[in-house]
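Subject: Structure for you to look at

Hello,

Here is the structure I said I would pass on. Please open it next to this email and follow along.

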Amino acid sequence: MKIRNAKEGDKSHVLEFCKDTFSWGDYIADVWDTWKSKGHLYVAEQDGLVVGMYNISFFAKEAWLEGMRVRPQYRKKGLGTKMMSHAESVIQNGTVRLIIESENSPSIRLVESVGYGIEEEWRLYSTVPEKQESSAMVAKSSDGLDDLVCSSTYADSWKWLPLDSEEIGKLLRQDRIVTLTEKEKTSAVGIWNRSNDFPEIFQLGFVNGTRYGMAQIVLYAKNKARELGCQRIQIFAQEKISLEAGFLEKKSLFYLMKKELGGKNL
Ligand SMILES: CC(C)(COP(=O)(O)OP(=O)(O)OC[C@H]1O[C@@H](n2cnc3c(N)ncnc32)[C@H](O)[C@@H]1OP(=O)(O)O)[C@@H](O)C(=O)NCCC(=O)NCCS
């Protein structure tokens, strides 16, 4: 078995076994070209056949592992473990994260067996774009955000990025932080994104605050998603945050998994 950089000709072979990975299908077809252009998309080859794939995204200080797939007939033979170890040899050191749906036990078993631990539980909610009134507004500074941004990461189109003051500065400049002010105090915050790979989806990748404040942030998202012509809204909130609103559909639970390479593990 050989693991190598993906080539253009691999795409059709990979997509052939990545059509129905999950009950809802798969997203590899939407991201293959973007991932390949960044240079860290890998495939596993055995007997002249492409039997696995995965991608690494590098951020300034961290790495993100995604899209690990093994051709169904080749599973449970150690290929996933070999791709995880290949990823570590490429990344070498620093923080590595990945996200797994809580019911995907083969995948959880695989990453736990190579030393990853659960860092945080995130809940996915969904709703639809709609014209709505909301008092939430685009934030112009980080004043009042410290207590509300109680997370070391936020979701940016299915990648969890480090949420430090530098990142918050970048998000403010991009008008992607929305806040609600109640009685002259910031009472809720949300961070939104819309990815080129999934233009039909508007995503809130972090939300926290008072119950009323978070509902206002979600109403802002409904309006903004409609303005941008999106068809669906996904909201990720940490499981410990109780995001409740009649118009939200509660979906799956996800585990954000983490490992420190060349250092201390969780
Ligand atoms: C998850 C996936 C990549 C694992 O690949 P794999 O090549 O089968 O993994 P391995 O053979 O290296 O298995 C590694 C460990 O995972 C566990 N495991 C793998 N498949 C399992 C299964 N179906 N049930 C229970 N445990 C399983 C085993 O504990 C195994 O350890 P062992 O060698 O001590 O038995 C593969 O099942 C797959 O492609 N699934 C669909 C796509 C997916 O869910 N990707 C991850 C999304 S986050």
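Below is what was found in it, one topic at a time.

Please keep in mind that this is a predicted model.

An open sheet is formed by 12 strands, in the order 1-2-3-4-5-14-6-13-12-11-10-7, with mixed pairing. Its edge strands are strand 1 (2-5) and strand 7, each of which pairs on one side only.

At the strand 7 end, strand 7 (residues 137-138) is antiparallel to strand 10 (residues 177-182), and 2 bridges link the two. Val138 has Val178 of strand 10 as its bridge partner. Strand 10 also pairs with strand 11 (residues 185-193), again in the antiparallel sense, over 6 bridges. In this pairing, Thr181 is opposite Thr186 of strand 11. Strand 10 and strand 11 make a hairpin with 2 residues between the strands, and Lys183 in that hairpin has a positive phi near 50°.

For a parallel pair, look at strand 12 (residues 201-209) and strand 13 (residues 232-238), which are joined by 4 bridges. Here Leu204 has Ile235 in strand 13 as its bridge partner.

Helices across the sheet

Helix 1 (residues 10-17) lies across strand 2 (41-46) and strand 3 (49-58), and its direction makes an angle of about 100° with strand 3. Helix 3 lies across strand 1, strand 2, strand 3, strand 4, strand 5 (94-101) and strand 14 (249-261). The angle between helix 3 and strand 3 is about 35°.

The ligand

Which residues are the closest to the ligand? They are Arg75, Gly80, Thr81, Pro106 and Arg109, out of 19 residues that surround the ligand. Three elements each supply at least two residues of this shell: strand 4 (62-70), helix 3 (79-91) and helix 4 (105-113). Helix 4 has the largest share, with 6 residues. By type, the shell around the ligand has 6 nonpolar, 8 polar and 5 charged residues.

The two domains

The domain assignment of the chain gives domain 1 (2-92) and domain 2 (124-255). Taken over C-alpha atoms, the centres of domain 1 and domain 2 are 30 Å apart. The contact between them takes 8 residues from domain 1 and 5 residues from domain 2. On the domain 1 side, helix 2 (28-38) and strand 4 are the elements that give two or more residues. Helix 2 gives the most to that side, with 3 residues. The residues on the side of domain 1 that touches domain 2 divide into 3 nonpolar, 2 polar and 3 charged.

Some single residues

Asp47, in the loop between strand 2 and strand 3, has a phi near 50°, which is positive although the residue is not glycine. Is Asp47 buried or exposed? Asp47 counts as exposed because 7 other C-beta atoms lie within 10 Å, and the cut-off for exposed is 12 or fewer.

Ser157 sits in the loop between strand 8 (153-155) and strand 9 (160-162). Ser157 is not a glycine either, and its phi is positive, at about 50°. Ser157 has 16 C-beta neighbours inside 10 Å, so it counts as partly exposed.

Leu253 is in strand 14. Leu253 has 13 other C-beta atoms within 10 Å and is therefore partly exposed. Not counting residues up to four places away in sequence, Leu253 touches Ser102, Glu121, Arg123 and Glu239. Leu253 and Tyr125 are 128 residues apart in sequence, while their C-alpha atoms are 9.3 Å apart in space.

Why does Tyr220 count as buried? Tyr220 has 24 C-beta neighbours inside 10 Å, and a residue is buried if 20 or more other C-beta atoms lie within that distance. Leaving aside neighbours within four places in sequence, Tyr220 is in contact with Ser134, Ala136 and Val178. Val178 was named above as the bridge partner of Val138. Tyr220 and Val207 are 13 residues apart along the chain, and 12 Å separate their C-alpha atoms.

Regards

Methods: Residues are numbered from 1 along each chain as its sequence is written. This is a predicted model: local features need pLDDT of at least 70, side-chain atom pairs count only at pLDDT 80 or more; totals for chains, interfaces and linings use all residues. A residue is near a molecule or strand if its C-beta atom, placed from the backbone, lies within 6 Å of it. Ala, Val, Leu, Ile, Met, Phe, Trp, Tyr, Cys and Pro count as nonpolar, Asp, Glu, Lys and Arg as charged, and the others, Gly among them, as polar. Two strands pair if DSSP finds at least two bridges between them. Two residues are in contact if their C-beta atoms, placed from the backbone, lie within 7 Å. Axes are lines fitted to C-alpha atoms, for helices over the stretch in contact, and angles run from 0 to 180 degrees between N-to-C directions. Domain bounds come from an automatic or database domain assignment.
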